[in-house]
Each structure stands twice: as structure tokens, then as C-alpha cells.
Amino acid sequence: MLEVLGIIVALNPASPALVTQRSAARLPRAALILLCAAYVLPGIVGRDPWRNADLVAFAQMLGIAEGRIAWLAPTLGGVPVADTAWLPNGLGALFIQLLAPLGDAALAARIPFALLLAGTLALVWYASFHLARTEHAQPLPLAFGGEAEPIAYARAIADGALLAFIATLGLLQPGHETTPELAQLFGVSLFVYALAAAPYRRWQPRVAVLMSLVMLSASGAPSMGLALGLGGALVCSRSAYEPARRFALWVLGGALLAALLATAWGAWRWRGAALDGGTALGIARQWLWFLWPAWLLSLWTLWRWRAHLLHRHISVPLTLVLVALLSNVLMGGSDRALMLGVPGTAILAAFALPTFKRSTAAAIDWFSVCFFTLCALIVWVLYVAMQTGLPAKPAANVAKLAPGFVAPFSWLALLLAIAGTLAWIALVRWRTGRHRDALWKSLVLPACGVALCWLLLMTLWLPLLDYARSTRPWVERVATQLPPGACVLAPGASAVVVAALEHGGRWRVLAQQDAPLAPSCAYQLRVSRAGRPPPPAGPWQLMSEIKRPTDRDEVTAIYRRVSP
């Protein structure tokens, strides 16, 4: 017996994975597709663009679709947009034009980005599947047989990676916005798939690597594409697979092509920020919550598979993670840069699953049950308080934080929320039963818990979130002072303010610093967060001061030009 075990260990001396064929059972496809739909679809219909990046990106797409601004040189209020992302802007504008009969431009612009998110889920699955098929990723052979078959094992790992991707907390909101970063996320996932499939496919990885790096450049991340190209070429050149070593030239070619196109488009931008002790501490905290729980499993993977760091199933996703973390640090803690490392983190997290002990899996399960059940309970309690006024204290807190908000009632939203909650209860009952064999079991509850919370937020809380996060209430207050179609001066206003005025109010906005010199505009608007804004020089009379309902610090002063 000892001689047999010695021979087995010699065949794969460093593999930490022990997986039986029974443990390599795949996640039922119907359940997996339903989970992905519950993650992707909520929030597409029935909401306004939210403040900051979502609203700014949508305003550019709408302006391009209506012919008010140039596609390759977008502006807001006459001020050029800092980041060049012509591919996602053009994609959103195209769908707005195609689906114009629907009448909801925000919905039309959101559809292609939902498709990008769905495509990202598929790419993460297939990249993990190909990486798990490699020789060094396979589990240790068992003494008496019964170990998992390579394809079944790879499929189970891919299911786990997809669940880890969905379970990542930080991806929840930015992954459902109409921003260039979602196109970048699709691009990095396509790049990882290209590297993973290189030993097994011929033309698909070549097309994928060229498309991915060019897509990153055209979406405002040429530096990210160049860094990934160089790192990917290095990984391929050290691969034990001959097709992968030959693929390194394609990776370098894609990086060169992307760099040349970025130079021609003028897409290179330096967005670095100074790093001090406070910023470093903030970045560390950001990593902890943004990448939870995938970062914890990824660290476990790096430890248990430390003898395989140079092998493909670890080095390929690790390259993406390192580039994203470095970009996050150089950009002063940008969550949009950190978001691009989620596919790599999810793949690394999946390879921790075959090394878990039963006690570790149980701890993850109980934490997930307690945490997400509590979150769902909070959402339901506040929803009941908004609809009935009871319990009184939560209802008073909502009235205090969102003055003037009146909660509408929707049978469809309520039924969807009830269905999601019942599905969660059934899943908890299933998981706490005698179902302990599947390799991906430890990530089912975290992934479904995130999907449940997102579904509840986008059904029960959507009117409240729209009231707090969109600019519609503020625009409605401004509209009481400005006539339709008026020309408004907003010198030095932020892109969010300009986007809200152009999209929500349909006013013509001039935001250049010398805009007050334009005699054709009869109104001027100034926004400040430090009390009353300073009055403009010249013949301007104060008409009104208004505030956003959910922000008491921001003051908007509206002036009217008076005749000398």
C-alpha cells in the first residue's frame, strides 16, 4: 500500500486537490441560468440613471444619438469629456437610436451593457473551464480510483468561479451601470479566456486576444490593455504547452495594435494620484469589502497551490489581479480599476474549493445564511414601513432621510420579491440538508445571497433609491424656475450637474469658464456644497435657491439676466 501511495504522489507531488467523481457533479444548468438572470436583469427596467458615472456616461450616449455632440470628441455643456471611451458611448447611442420607438432612452442604453455583463459571466465560466483542464490543475489521483474525470472536474471548477464572480460585493452596483468600465470588464474577461483557451483552440483565442486589447483601448483603458498584453505574453512564453508559447506572439501583436490605435485616438490619459498613509489605509479597506469573499478564497488558493504559481491555472488569473491592484493603487484607490480584477479573483477563488475542509465550508455557509438573511429582513422591514408606516421608527427614518418621498405600490415588484425570498428559503433548506458533495457547494449561498439582495433592492426599494440616487427630484425643482428649452449658463459646473440639466431638463447648457460672456443665455445656475454660492458678477438677479431632497449641504442658486 505504501508503495502504491508513493507512486501516486510522485505522479503529481504538489497537487493539494482531492476530488472524487461524485464531488465533481455540475450545478444544474436551469438553476445556473436562473441565478444569472436574477443577477443581470433586475435594475434594467424602471429606473433613472443614477448620479455620477452612470448619469454622465448616459448623457454622452444620448447626446451622440441625438446628434448634439460628436461621437469621437464628446462634450457636456461644451466642455470636452476627460476620458475617451468612444466604443461604449457609440454602443449605447446605437441602441438608443435602434430602440427609439420604446420611448425610454435610459432603458435602450442599458440593454447592451446588460448583454456585456451576461457575456462576462459566460467568459469567466469558459476561462475557468479551460484552465482547470490543464495537467497541473487536476486533482491528486486516488489510491483505489474514483477520482474526478478531467472534464467533470473542470466543469465543477468553472461553476465555482461563476458563483464567486456573482458573490463579489463590490461588483454589484458598477456592474449594472451604463459606464465604460463594464465594457472594460468584458474586455479583460475576453483576454483571460483567450489565454486560457490557447492550448485547446486555434482561431478563437487569436480573435479574442486581438478584440479584447483593442476593446480596452477603445473603452478608455489603453494602459490596462498594454500591461495585460505584456504580462500575458510573459505567461504564455513560459507555458509548458507549445500552442500557448506560440500564442505569445499574438498577444504581443494585440498589445501593439491596441497601443497604436490608442495613440491615433488620443486615448492615453494619466490618472495617477499621490499615495500617502491615509490613502493606503483607505485602499486596504476598499480591497477588503470590494473583493469580498473572493479575496479570502484567492489567498487560500495562493497558499495551497504555492508550488503551482507559474502554472497556467494560477499565473493567468493572477496576472490580471496584479495589474488591477497596481492600477487601483496608482489611481489613488479607484474602484473602477479594482473592478477589472474581479474575473481573475473569482477564478483564483474557484481553485480553493477542492482544498477546503468540511469545517471551512460549513463556516462559509453559516456566515452567508446569517448575513444575507439579515440583509433581506432589513429590506422587507423598511419596505413594510414605507407602505404602512409601521414599524414607526423605520418609517420616520425614511421620511427624515428622503423628505417628500411617497412610496408607490407595485404588485409586480412585490410578487418578484416574494418569489426571490421563497427561493432563498428553499435554497437554505437544501444547503443545510445532506448535500455536501458538490465541489461548488460553498459558494452557492454567497452568490445566491447577493442575487437575492440585488433583486429585493431593485424591486422593493427601487422607488426610494431612484429618489435618492437620481437627479429627477432636483431637476423637477429647477424646472419650476426655468422655462422649457432655455439656455442655461453653468460655468465650471461638474459633469453630473451638466448631464442632469441636459438629460432631465432638456435645457441647452454652457459650462465653459467663459460662458457668462454669452449674451444669448438669460439664466445662470451655480451649485455649491459650502453654503450659498458666490453671486456672479454682472447684471444677474437671484431668482431662487433650491436643494436636493436627500442632500442638505448642496445649494443651487438660479439667476436671471436683467437689462442694464
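Which residues are buried in H8? In this predicted model, the buried residues of H8 are Pro205, Ala208, Val209, Ser212, Leu213, Val214, Met215, Leu216, Ser217 and Ala218.

**Helix H8**

- Helix H8 runs over residues 203-218 and has 16 residues, and the 23 Å from its first C-alpha to its last is close to the 22 Å expected at 1.5 Å a residue.
- The cover over the buried residues of H8 includes helix H4 (86-98), helix H5 (105-132) and helix H7 (180-197), together with H9 and H10.
- Just after H8 comes Gly220, which takes a positive phi of about 95°.

**The nonpolar surface patch**

- Leu226, Leu230, Leu249, Trp250, Leu252 and Trp268 make a nonpolar surface patch of about 570 Å².
- At least two residues of the nonpolar patch are supplied by helix H9 (222-237), and at least two by helix H10 (242-265), with H10 giving the largest share, 3 residues.
- Trp250 has its place in helix H10, and Trp250 counts as partly exposed because its relative accessibility is 35%, which falls between the limits of 20% for buried and 50% for exposed.

**Thr471 in a loop**

- Thr471 lies in the loop between helix H20 (462-469) and helix H21 (472-479), and Thr471 counts as buried because its relative accessibility is 6%, which is under the 20% limit.
- When residues up to four places away in sequence are not counted, Thr471 touches Arg51, Leu55 and Ala500.

Note on methods. Residues numbered from 1 in each chain as written. Predicted model: local features only at pLDDT ≥ 70, side-chain atom pairs only at ≥ 80, totals over all residues. Heavy atoms only, no water. Patch = residues over 30% accessible without salt bridge, like charges linked within 9 Å, V, L, I, M, F, W, Y side chains within 5 Å. Areas by Shrake-Rupley, 256 points an atom, 1.4 Å probe, with all protein chains shown as cover. Salt bridge = Lys/Arg side-chain N within 4 Å of Asp/Glu carboxyl O. Helix = DSSP H or I, 4+ residues; strand = E, 2+ residues; numbered from the N terminus. Buried < 20%, exposed > 50% of the residue type's maximum accessible area, 1.4 Å probe, protein only. Expected span 1.5 Å × (residues − 1). Contact = heavy atoms within 4.5 Å.
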